[in-house]
Amino acid sequence: MAGTSQDVRRVWYTRSTEDWTTPVPLADTTRAPSWQWYATGPVAGIQLQHGPYEGRLIVPANHSDSNAEAGPGQYRSHLLFSEDGGESWARGGSLAPLTNESTVVELTDGQLMLNARS
């Protein structure tokens with residue numbers, strides 16, 4: 001949380017159609033420079049089934065931000081997404097400070113609902 005470790009906490013992914021691939025670290029573009037602690041979940045991601053982004057992969061994630069409005073080190077939830085089946089990933093939006101352990105669901109109209117505890 002203090003941001004004093006030798007290396008950052010990394011998020012890895014693996015995927016499978018038949019055999020699981022070797023885990024690969026996500027690109028640093030999924031992490032803002034002010035983020036310290038970083039994790040996904042605690043649940044799995046989803047693949048969108050409706051609307052203009054059908055097929056997009058969405059993963060709920062969490063981080064602490066040294067620049068958060070509520071004070072340095074505050075937890076926040078955010079989303080990661082892939083439009084190419086997991087070949088590349090980007091960072092989506094973040095929730096307000098004091099959110100953590102997020103999960104995401106696609107509603108029947110294609111909107112996303114991100115649920116996080118405080």
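Two salt bridges turn up in this predicted model, where a salt bridge is a side-chain nitrogen of Lys or Arg within 4 Å of a carboxyl oxygen of Asp or Glu. Side chains of opposite charge can pair when their charged atoms come close.

One of the pairs is arginine 56 with glutamate 83, whose side chains meet at 2.8 Å, N to O. Arginine 56 sits in the loop between β4 (46-47) and β5 (57-65), and glutamate 83 in the loop between β6 (74-82) and β7 (90-94), so this pair ties together parts that are 27 residues apart in sequence.

Arginine 117 belongs to strand β9 and glutamate 101 to strand β8, so the pair ties together parts that are 16 residues apart in sequence. Glutamate 101 is partly exposed, its relative accessible area being 39%.

β8 and β9 run antiparallel and are joined by five bridges; strands pair if DSSP finds at least two bridges between them. Across the pairing, threonine 103 stands opposite asparagine 115 in β9. The two strands form a hairpin with five residues between them, and glycine 110 in the turn has a positive phi of about 90°. Leucine 107 lies in the loop between β8 (100-106) and β9 (112-117), and leucine 107 is partly exposed at 33% relative accessible area. Together with Val105 and Met113, Leu107 makes a nonpolar surface patch of about 230 Å². Such patches are made of residues with over 30% relative accessible area and no salt bridge; like charges are joined within 9 Å, and nonpolar side chains (Val, Leu, Ile, Met, Phe, Trp, Tyr) within 5 Å.

Now step back to the whole protein. It has zero helices and nine strands, where helices (H or I, at least four residues) and strands (E, at least two) are DSSP runs, numbered from the N terminus. Of the 118 residues, 33% are buried. The protein exposes about 7400 Å², and carbon and sulfur atoms supply 51% of that; accessible areas come from the Shrake-Rupley method with a 1.4 Å probe, and for residues only the protein chains shown count as cover. Among contacts (heavy atoms within 4.5 Å) with a separation of 6 or more, 43% come from residues 24 or more positions apart.

Two residues toward the start of the numbering are worth a visit. Tryptophan 20, in the loop between β1 (12-13) and β2, counts as exposed at 63% relative accessibility. Leaving aside neighbours within four places in sequence, tryptophan 20 is in contact with Thr14 and Arg15. Arginine 31, in the loop between β2 (24-25) and β3 (35-40), counts as buried at 13% relative accessibility. The side chain of arginine 31 reaches the backbone oxygen of glutamine 36 at 2.4 Å.

A word on reading the numbers: residues are numbered from 1 along each chain as its sequence is written, and side-chain values use heavy atoms, with hydrogens and water left out. Since the model is predicted, local features need pLDDT of at least 70 and side-chain atom pairs count only at pLDDT 80 or more, while totals for chains, interfaces and linings use all residues.

Definitions and conventions
Buried means under 20% relative accessible area, exposed over 50%, partly exposed in between (1.4 Å probe, protein chains only). A polar contact is a pair of N or O atoms within 3.5 Å; within protein, one must be able to donate a hydrogen and the other to accept it, and residues adjacent in sequence count only if both atoms are side-chain atoms.
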